[in-house]
Amino acid sequence: MTKQSSLRPKITLSDLYDSNIVYTSRPSYISNPWLEPEEHQSNFLTGRELLIANQMPVIVHEASVTENLAQLFQLIGQDMPSNIYKFNDKSSYEQLLATLAQSLDKKIYFQYIHDEAILKKHYYALNKDIFVALNNKSRIPEWTNNKYLPKREVVNIEDFEQAIKHWEFPFVLKPGDDLPTAGGYGVMICYNQTDLDKASKRIEKAKSETDTIIIEQKIEAVANYCVQFAYTPKLGVQYIGTSQQLTDKYGHYNGNLNVQDVPKKVIQAGKEIMEIGVAQGYYGVAGFDLLEDAQGDIFAIDLNFRQNGSTSMLLLEPILTQGFHKFYSYISPGDNKHFFNTIVKYIKKGVLFPLSYYDGDWYTEEQVSSRFGCIWHGESQSQIEKLELQFLEDLKKG
């Protein structure tokens, strides 16, 4: 494969953040009812932005920066980043945050808010109150100037059972508070009474931590976009691209595809929202989930004032083969060595671009499956779809 190290992403994180800022994409070890990620998945997420970080220091789990990742990066002409702070468990992660902030005078740019008991809010690089407000789903009307809204109702959690009686299926339920969610985990799409019963049980369990629930019209979308922007005072508002979101019928996130022809009104809607966020004090990368229906109307269903799964894919676009791109991640079906070797085979074909590798074999006391975050890139969707099927078949041979 051609060495690619001379090419550069559109923007890197160190173009956006001061040199005294350290980035962490790990959710807190303290879970909430709407974000209960599996521990290995949360550790895996810490390596996702390494190739777009540039000089920005990143907090990464040790299993995400083993020799295996160095080998994968070498295949695409990239060096292993040196600007990393490592941790290996809850204690070392929380101690690292405290040391960086309190002893080394660093500010932390969080992908997900952490409890005040872990780190006080004045150590946040981005004002925590602003960050929380902009990512609160019940406040979306404020950040869209009351435009691009599905029919919606925000109700006190105690009033939910009564309020839902006035809605017809299908509809969407979401927490309406400050607790972080991700990957569609906090979204409950109800097509029927069985779905509603399941959602009601989750809502009942969350009563001690959640005050409000959003009931929202289920949009019949013809396209599901994540339109992304970056902002610093020096750069201004920069459009960095749009991806198509892959989700199942219940809204769970399944990766992204690049989009060549994005409707101008989608980009314009995203820019308006970004400018409102900037006026509130936001800076950095943000991505907004915008649906388009059959009539061409645009609906804002989620505003992520944070980096998104496909941010790396959009920023690395100059380095990738021109054409079709797909961001996705895989879990080893069993044999971690065979999993790694299969990945190497497809990277060498020039169709698979590595972003992160969580090395299950770093763990010696337990059996842990490796995980791999990547971008498929080729001339056409049909070409990549065939190669991905072949890749999945090859994985089964291990």
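Visitor: Which backbone nitrogen does the side chain of His-61 reach?
Guide: That of Ala-63, at 3.0 Å. Keep in mind that this is a predicted model.

Visitor: And which backbone oxygen does that His-61 side chain reach?
Guide: The backbone oxygen of Asn-88, at 3.2 Å.

Visitor: Is His-61 buried or exposed?
Guide: Buried. Its relative accessible area is 0%, and the cut-off for buried is under 20%.

Visitor: Where is His-61 placed?
Guide: In strand β2, which covers residues 58-61.

Visitor: What is His-61 in contact with, leaving aside neighbours within four places in sequence?
Guide: Asn-43, Thr-46, Phe-87, Asn-88, Tyr-358, Trp-362 and Tyr-363. Asn-88 is also the residue whose backbone oxygen the His-61 side chain reaches.

Visitor: New topic, sheets. In what order do the 4 strands of the open sheet come?
Guide: β5-β8-β6-β7, with antiparallel pairing.

Visitor: Which strands stand at the edges?
Guide: β5 (152-156) and β7 (188-190). Each has a single partner strand, so one side of each has no neighbour in the sheet. From one strand to the next, the twist averages 25°.

Visitor: How many bridges join β5 to β8?
Guide: 5, and the two strands run antiparallel. β8 spans residues 212-217.

Visitor: Which residue in β8 is the bridge partner of Glu-153?
Guide: Ile-215.

Visitor: Which helix packs on the sheet?
Guide: Helix α9, residues 193-205. Helix α9 touches β6 (171-175), β7 and β8.

Visitor: What angle does the direction of α9 make with that of β7?
Guide: About 150°.

Methods
Residues numbered from 1 in each chain as written. Predicted model: local features only at pLDDT ≥ 70, side-chain atom pairs only at ≥ 80, totals over all residues. Heavy atoms only, no water. Buried < 20%, exposed > 50% of the residue type's maximum accessible area, 1.4 Å probe, protein only. Polar contact = N/O pair within 3.5 Å; in protein donor to acceptor, adjacent residues only side chain to side chain. Contact = heavy atoms within 4.5 Å. Pairing = 2+ DSSP bridges. Axes fitted to C-alpha atoms, helices over the stretch in contact; angles between N-to-C directions.
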